[in-house]
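Okay, thanks everyone for coming. I'd like to walk you through a few spots in this one, so let's get it up on the screen.

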Amino acid sequence: MATLDSLKEALKQKAKATASSPKQPLSDTQYSAGFDILVRGSGWMTYQGFIIPQLSQLLAPLFNSRIHISALEIGTGPKSLLGYLPGRLRRKVRKYTAFEPNGLFATRLEEWLCSTSETESPLPCLENPPNIHPIPFVLPYIIGSGTSTGTRENDEKYDIILFCHSMYGMKPKHRFIERALEMLVEWPQGGMVAVFHRDGALHLDGLACHRTASFPTGVVSVANDDEVLDCFAPFIAGFIMQDVDVDKAIRVDWRKVCRALGRREKDQPGQLLFSSPNVMAAFTQHATTLPELMAQVPSVKGDKTVKNREARLHRPASIIRPTEVRHVQQCIRWALKHGVGLAVVGGGHSGHCLWPNVVSVDMGAFDQVHILTAGDGGDSGSDSGSLVVAEAGCKTGDIVRKTMAAGVTVPLGARPSVGAGLWLQGGIGHLARLHGLACDAIVGAVMVSVDSSQVLCIGCVPSQHRPAGAVRPENESDLLWAMKGAGTNFGIVISVTFKSYAAPTYLTRNWVVPLSDNLEARLRLSDFDKLIARKLHWNCSADAYLYWEAGQLYLGVTMFESSATRFTSVTPTPTPVDAIWGPQDDFKAVDGVSLFETEMYVSRMHGGHGGGKTSSFKRCLFLKRIGEANVADRLVAAVETRPSPLCYLHLLQGGGAVGDVAADATAFGCRDWDFACVITGVWPRDQDGTEAARSAVQWVYNVTGDLLSLCSGAYGADLGPDPRDAALAAKAFGPNRPRLARLKHRLDPGNVLAYACPLPKAPMEQKLIILVTGKSCAGKDYCADVWVSVFIRCTHKSLTARAVSISDAIKREYAAATGADLSRLLWDRAYKEQHRPALTTFFQGQARQRPRLPEEHFLNVVYGAVDVDVLLITGMRDEAPVAALSHLVPDSRLLEVQVQASERTRRIRRGCYGGDSDGDDNKDSNNSGSNLTALNYRPSLIFDNNTTGNEAAKRFTEHSLLPFVNEDLQRLANMVRQLPDFPRPGIEFRHVLGISQQPGGLALCTSLLQTHFTGDWAKVNAVACCEVGGFVYASALALRVDVPLVPIREAGKLPPPTVSVIKPLSHISSLASNNSKEKRIEMEREVVPRGASVVVVDDVLSTGETLCAVLQLLDEAGIGTEDVSIMVVAEFPVHRGRELLRQRGFGRINIQSLLVFGGA
């Protein structure tokens, strides 16, 4: 399928060859007509399937970290991309500017954003009308030329700048991005520039991407109609001819070009299809920091030649070539500092070892192979007594050549040019059935951590090959396990230590069997599988090739037999193949080096694929029982559909020692297979980057898709960030994917190695944020540290926890303004107390100037600790902080624990007995009440810290805090189904009531409601509930705790006498219905005696309106707020229900929720 880029070149060439008339740019009307054709139908799928999801995923962390967002879009078209984001993100946009040079688009954009229809505006929370410039966005140095964009006006700064629909006409592109980077806000983490580009490579001359994504499967469908093509072709070409008659003539030619290049498919009659791959590149202010790295580490001069032709088409930001371990450390420190990823070049076989606008680390200088016999480096860990230390820049051929000279070998792959990426992710060679995979022979490694940049020594590494300063990580066993099958994902490997085996010699034999038809092909495959392959000893392996040549389908078979002794017989011993297919065509006795050249695809098929004449693209699936009809038929059909005569299937035999290793013993979890099926697309090398190459790649993916349901796994070594690899990655690593995901999250939290084989994201369990409040010297910091230690020691949960003081930020600002000693302010209590009055005055002044200062500080702390499961924050100055701040972190659970201590205890801790009281403790924390009556709200939990020692604090953690990270809560959360665009578009609905429809769901939920209640069920007189959601859970809970149920219903449905109040519609009901009519709810009078203790149970807490009405009703019935508690199954903090309850006078009621969700 021709790309739009190749269509553009063809149209321009046709115009150049046939017309001498001057060109002229498209009018706004002509451009608009062409653009509308581009984005309609299948073209819109690119937006739905790639641009909008990628933009949402990219911007969510940025938007969540800000109170409001300012945005600039460049080349928007008729509608803003931001207008298609989820509602919670769109509502963050408060300032909007756009540059759209097409006047028609600019008008349509303004009309769309300023819509007064009944539907919600695309950007509903803009503080001012959108500022839309109907002119191009140009570089500053052009501003004086009379085409000023106004980009210098008021030096506007933005949180997000989007180049929406490619950067056509912007040259050089990197200068425009650099200008955009200058326009980003600097506080606190800066903003982001995102580019969406269609077709062609996006070469940006040394700018380093924060994140990239690609969409190679985009397609544009155009009606095969003269009138449509006359609009579409000029849009793609970018011009029309000035002379009217010449223009008419060229449009006729352009129609022919479109029809010649466009693909026609049966399921889309009357349509011409063109490939429209898209890429996204995101940049932060750190994009220009590459010179900083290049000043520290050597780089490759000129182009780097790598084996993989796909990778050679990519233009990385730079290729760094470290020559020392410290250089690798510097690369990682640079990447961590600036929030960018790194690619790694080993053997150069990976299609993602070079990636556009990403820095690649070429390990080629680490090219030594060392062989150590027993006694040279400690315990050898191998049967032969020898270890082989291979550095990460070595190729398989180097290792085999050097080890063979020493009489040993390592079971590596079948090609001499492959590198460390193969050994670390599997390594299937001709010794695999006898000794296992290459990764199975790994006994140790030296690696640089991509989390800390430390040099790590893992497993068995001879002492003389341990770099100075290398340390053994705490999770050494996890890392060694991961190295053996997924080792490219967790650090940059410096060297690998292998156990070795005696070097064998090999006898190779070949058979080539012509196949007359599909039936014979199936029968021959069945014979090969059942009568030959399954009968071979482990020291033998048989590879099969299914290919076409000269119009004939063939099955080629190569048998490899290894022996520790040299083959001396001129005539080989008979094999099962001889009895079925007759004598072999040829046989050879070879050593491990010569073995590489005996591969049938190298030396025989299609005249031999060696010698650099062809390029290839491969993906590998693991198959069982290839002779069965359903498998064999698909294999034969796959070869029949090849787009090039050179494409073939290669079947490498497994079993034996490969399957003897338990699936969970190493990261390589796919062990149960008979053959590794390598689907190989091949094309002449001089056609790299052409339609022939693209067709061969797509054929590989088509075949893998057809075989995926039959396979027992996929080989991860080939896979990368291409979205077409996602389905294969889901089949890689077998049962080990969840463990690998957790390790990736822990060992590479910054996703520095983003271009390795994709692993699933670790299940994102809710972060627990604990706000530790209390009076001065109550022991808040001490308690927080104790609680952190208990969380961390929960080894069965593998939790990470951290305590942070929110007041540190204001102390830093105060020190900078006054010259105070920051270190002493942070760590010297006496010094801090001396400065406390001035510090408080300074904070109050800053808060008056910056009304959102507390929220800013809170978000800075939270987003500075994204890598922890439990975050404890001390130094809070906010009143009712959970109600005030929870909407800022709607996907996290926020608790307040108030630490209390008697005045005497606090004086002792301050170091003074007797004397005056503390005075205004609000200087330390506004949450200063020593009992609940001093507050107009209720903390989540209270800890009495009057005792000495840490035992009470530890018991409190175990009893009151650890339950919030209980696995049962996550199980319950997993039962809540998410429904997008319900009850109307833009709403992300959580079906909380659906828990009761899950097996065991209702029992689990009511059990958690019972155990998480912080009160005493023995003192509860009634459980009250309102409407369906409450009835389901409250009735089951009331039965469980043996407490009467008090239903609250719509007026008129309970017998008199009753009391009633007005209740507004619930949040979801108001969204689902155009009827905003309020209704009355009622309960039976005197069903609950005055002064009784009541627990109100509901399914959700959203806006809080329903619960407010219930509490008002209970008050009417004589039940005071001091006697009421609230328990809900799920809370949606974004709607600020707790804050509404507090404003309505119910802040002192204890509110508990089992689950917390963002969205609706």
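So, helix H11, residues 325-338, lies across strands E18, E19 and E20, and its direction is at about 55° to E18. Keep in mind as we go that this is a predicted model. There's another helix on that sheet too: H15, residues 476-486, packs there and touches E18, E19 and E20. The direction of H15 makes about 105° with that of E18.

Now the sheet itself. What's the strand order? It goes E15-E16-E20-E18-E19, five strands in an open sheet, with antiparallel pairing. At the edges you've got E15, 369-372, and E19, 455-459, each of them pairing on one side only. From one strand to the next, the twist averages 15°. If you zoom in on E18, residues 442-449, and E20, residues 491-499, you'll find seven bridges joining this antiparallel pair.

Next up, Thr-666. Find the loop between helix H20, 657-660, and strand E28, 675-684, and you'll see Thr-666 there. Is Thr-666 buried or exposed? Its relative accessibility is 4%, so Thr-666 counts as buried, the cut-off being under 20%. Leaving out residues up to four places away in sequence, Thr-666 touches Asp-440, Trp-481, Lys-484, Val-661, Arg-671 and Asn-736. With Arg-671 there's a side-chain to side-chain polar contact of 2.8 Å.

Okay, over to a helix pair. H2, residues 28-39, and H3, residues 42-64, have axes that come within 4 Å and cross at roughly 70°. We call 65 to 115 degrees roughly perpendicular, so that's what H2 and H3 are to each other. Who meets whom? From H2 it's Phe-35, Leu-38 and Val-39, and from H3 it's Gly-43, Trp-44 and Tyr-47. Sorting the residues of that contact gives five nonpolar, one polar and no charged.

Last stop, Lys-780, which sits in helix H24, residues 780-793. This lysine has a relative accessible area of 9%, so Lys-780 is buried.

Methods: Residues numbered from 1 in each chain as written. Predicted model: local features only at pLDDT ≥ 70, side-chain atom pairs only at ≥ 80, totals over all residues. Heavy atoms only, no water. Axes fitted to C-alpha atoms, helices over the stretch in contact; angles between N-to-C directions. Helix = DSSP H or I, 4+ residues; strand = E, 2+ residues; numbered from the N terminus. Parallel < 35°, antiparallel > 145°, perpendicular 65-115°, else oblique. Contact = heavy atoms within 4.5 Å. Nonpolar A, V, L, I, M, F, W, Y, C, P; charged D, E, K, R; others polar. Buried < 20%, exposed > 50% of the residue type's maximum accessible area, 1.4 Å probe, protein only. Pairing = 2+ DSSP bridges. Polar contact = N/O pair within 3.5 Å; in protein donor to acceptor, adjacent residues only side chain to side chain.
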